[in-house]
Amino acid sequence: MAARFSPYISFPGNAADAFPYYRDLFGGRLEVMTYAQFPSMEGFPFTSPPEAVAHATMESPSITLTGGDGMGDGLPPLRSDVYSFLLSFDTTEEATGFIDKVTSTGGEVAMPFEMAPWGDHYGQVRDRFGIRWDVNVPGTGG
């Protein structure tokens, strides 16, 4: 069985801002469809704002993210420590560049990027939408 993993994120009404941000962060191609672009909403179990993002796909050589605007009341916050996305880089320079890009666009360091006890460089950064990215460079320790 060949499967491909792609995280799907339900944003609290700001997917139209989030997906261009991720395209700028990772590069690649972005497709966004709003509910206004649907041919018909007949049969849907909810009524959505026409400008809400029904589905978006951001595809780059290193990552594919999918998602849209979550519907309904009581959606859980995106900012959480019960999940994160792990990014592995080839060099500490690439990893530091990613961290700098996230923090310079409204994100924050959640854990300093430094040598970990298991021999990798590791750290955590949270982007301005609340998503935590775990940043790793394997085998950089002595």
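I began with Met115, whose bridge partner in β7 is His121. I noted that this is a predicted model, in which local features need pLDDT of at least 70, side-chain atom pairs count only at pLDDT 80 or more, and totals for chains, interfaces and linings use all residues. Residues are numbered from 1 along each chain as its sequence is written, and side-chain values use heavy atoms, leaving out hydrogens and water.

I next looked up the strands around this bridge. β6 and β7 (residues 121–126) run antiparallel and are joined by five bridges. I took strands as DSSP runs of E of at least two residues and helices as runs of H or I of at least four, numbered from the N terminus; two strands pair if DSSP finds at least two bridges between them.

I then traced the open sheet, which has four strands in the order β5-β8-β7-β6 with mixed pairing. Its edge strands, β5 (85–88) and β6 (108–115), each pair on one side only. From one strand to the next, the twist averages 15 degrees.

I found helix α2 (residues 92–103) packed on this sheet, touching β5, β6, β7 and β8 (132–137). Contact here means heavy atoms within 4.5 Å. The direction of α2 makes about 165 degrees with that of β6; axes are lines fitted to C-alpha atoms, for helices over the stretch in contact, and angles run from 0 to 180 degrees between N-to-C directions.

The C-alpha trace spans about 60 × 35 × 30 Å along its principal axes.
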